[in-house]
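Please consult the sequence and the coordinates alongside the points below.

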Amino acid sequence: MAAVAWGRCFPRVWLRRRAGPGCGRHYRAALCAELKQPLAIEEVASCPVRPHEVRVDVHFCGVNFADILVCRGQYQEKPQLPFTPGMEFSGTVLETGTDVSTVKEGDRVIGVSGFNGMAEECIIDHKTLWQIPEGVPLREAATLPVSYVTAILALEHRACTRPGETVLVTAAAGATGLAVIDVATNVLQAKVIAAAGSDEKCSLAMRKGAQSIVNYSQGSLKEAVRKLVGSDGVNVVIDAVGGDVFLEALRSLAWEGRIVVVGFAGGTIASVPANLLLLKNVSAMGLYWGRYKEQNFPVFSRILSSALQYCQQGRIQPHIGAVFKLEELRQRPQKICYVASEEK
């Protein structure tokens, strides 16, 4: 696919490899050997599978904003160099350890790998694999673990969004923003105001199901929201931008509204004016996707299973900007970084 096909308005890209026979002595992987430098595609020796592990033939791996940050040394987690990025993937089981009974050779699975998914194969703990239901393509399945689990956690688990409520989502044309629009509109039956930084991005958000759009590069987000919903405000905000956008979104909340912070794509972390929480009895809360996997795995697993079910039922339609082969990674380092920065 031409680079122009995944330009400014697309939130993420996907890496694809051709399916092949099982594992060999070596496989190809994308390696970050030096921070802020292009990734290298190198041959890596296969490791033996331990009793609790599974070897997966990786078909698709998501490229997320966190992958870009970790390769710049700007993410919360800092793997030792060299490392292979890639937090989510889909593929088929090649081999299982002696203690594994949940999956078998040939099963289609998605996995949450930390940072080692951008490779032709991946060895992973069986507990962080989920079987892909019949009818869900491998490509679409690979979109679910990060953006859709974040969206469902934010909307359902943290904000307790109810049918008919109004949800304001910032960075609406990013991967998480589009997932929030999809889940809020098609699963929770909420009304969505999508806010983004250009008309092109707002148009994409509208096509994906938002009822209203706001381009916050053209004026006050608070005033634009007020024109749409009146002085009462919105019930829920999912914010991935931070800074002044977060503060204006906070001021747009209704009585007993809830704002969930999922990121800081704008680069600025705002301080919360506590008096605003008091005056309208609003709640401000955070959502760090990775901590749920470590601190409350049953919730994480349940929500990922729900995302798979929603996809199988056709209730959600993941947006995929483009698909590239693994070897194309080193040819597009600046474009990949550029796509991630466009989440704002």
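Contact here means that heavy atoms lie within 4.5 Å of each other. The model is predicted. On that criterion, and leaving aside neighbours within four places in sequence, Ile-238 is in contact with Ala-154, Leu-155, Val-167, Leu-168, Val-169, Thr-170, Val-180, Val-260 and Val-262.

**Nonpolar cores**

- The largest nonpolar core has 84 residues, of which Ile-181, Val-183 and Ile-238 touch the most other members.
- Helix H3, spanning residues 144-158, supplies nine residues to this core, the largest share.
- Another core, of 22 residues, lies apart from it, and includes Ile-193, Leu-247, Val-261 and Val-282.

**Surroundings of Thr-170**

- Thr-170, one of the contacts of Ile-238, is located in the loop that runs between strand S9 (166-169) and helix H4 (175-186).
- With a relative accessible area of 1%, Thr-170 counts as buried, because the term applies to values under 20%.
- When neighbours within four places in sequence are left aside, the contacts of Thr-170 are Ala-195, Tyr-216, Leu-221, Ile-238, Asp-239, Ala-240, Val-241 and Val-245.

- Glu-88 belongs to strand S5, which covers residues 88-96.
- The relative accessible area of Glu-88 is 0%, so this residue is buried.
- The side chains of Glu-88 and Asn-64 are joined by a polar contact of 2.9 Å.

How values were computed. Residues numbered from 1 in each chain as written. Predicted model: local features only at pLDDT ≥ 70, side-chain atom pairs only at ≥ 80, totals over all residues. Heavy atoms only, no water. Core = buried A, V, L, I, M, F, W, Y, C linked by side-chain atoms within 4.5 Å. Buried < 20%, exposed > 50% of the residue type's maximum accessible area, 1.4 Å probe, protein only. Helix = DSSP H or I, 4+ residues; strand = E, 2+ residues; numbered from the N terminus. Polar contact = N/O pair within 3.5 Å; in protein donor to acceptor, adjacent residues only side chain to side chain.
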